[in-house]
Amino acid sequence: MAKKVVATLKTGTGKQFTKCIKMVKSEKTGAYMFKEGIIPNDHVKEFFAEKK
């Protein structure tokens, strides 16, 4: 099933999106968490620029 999803993202409209993973430090505990999302290519810089 995973192969089907990956193949879909590589063809057609999937090329317009990017999966981004950002490491964010929690203010309460001090531990690091990962924030991830599939976003349009033109919003990648905004995703990494935002604080939370």
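This is a short tour of the structure above, stop by stop.

**Before you start**

The model is predicted, so local features need pLDDT of at least 70 and side-chain atom pairs count only at pLDDT 80 or more, while totals for chains, interfaces and linings use all residues. Residues are numbered from 1 along each chain as its sequence is written, and side-chain values use heavy atoms, with hydrogens and water left out.

**Stop 1: the whole chain**

Show the cartoon. The protein has two helices and two strands. From the N terminus the elements run α-β-β-α. Here helices (H or I, at least four residues) and strands (E, at least two) are DSSP runs, numbered from the N terminus. Of the 52 residues, 17% count as buried. Buried means under 20% relative accessible area, exposed means over 50%, and partly exposed lies in between (1.4 Å probe, protein chains only). Among contacts between residues at least 6 apart in sequence, 28% join residues at least 24 apart. A contact means heavy atoms within 4.5 Å.

**Stop 2: the hairpin**

Select strand 1 (17–25) and strand 2 (32–40). They pair in the antiparallel sense over nine bridges. Two strands pair if DSSP finds at least two bridges between them. The two form a hairpin with six residues between them. Pick Gly30 in the turn: its phi is positive, at about 85 degrees. Now pick Met23, which stands opposite Phe34 in strand 2.

**Stop 3: Ser26 in the loop**

Move to Ser26, in the loop between the two strands. Is Ser26 buried or exposed? Ser26 has a relative accessible area of 15%, so this residue counts as buried. Show its side chain together with that of Thr29. A polar contact of 3.5 Å joins them. Such a contact is a pair of N or O atoms within 3.5 Å; within protein, one must be able to donate a hydrogen and the other to accept it, and residues adjacent in sequence count only if both atoms are side-chain atoms. Leaving aside residues up to four places away in sequence, Ser26 touches Ala31 and Met33.

**Stop 4: two salt bridges**

The count of salt bridges comes to two. Each is a side-chain nitrogen of Lys or Arg within 4 Å of a carboxyl oxygen of Asp or Glu.

- Select Lys19 and Glu36: their side chains meet at 3.5 Å, N to O. This pair links distant parts of the chain, with Lys19 in strand 1 and Glu36 in strand 2, 17 residues apart. Lys19 is exposed, at 55% relative accessibility.
- Select Lys35 and Glu50: their side chains meet at 2.4 Å, N to O. Lys35 lies in strand 2 and Glu50 in the segment after helix 2 (44–49), 15 residues apart. Lys35 is partly exposed, at 28% relative accessible area. Glu50 is partly exposed too, at 35%.

**Stop 5: the aromatic pair**

A pair of aromatic rings is described by the distance of the centres and the angle of the planes. Rings of Phe, Tyr and Trp (its six-membered ring) pair if their centres lie within 6.5 Å; planes under 30 degrees apart count as stacked, over 60 as edge-to-face and the rest as tilted. The count here is one pair. Select Phe47 and Phe48: the ring centres are 5.2 Å apart and the planes stand at 80 degrees, so the pair is edge-to-face. Phe47 is buried, at 8% relative accessible area. Phe48 is partly exposed, at 43%.
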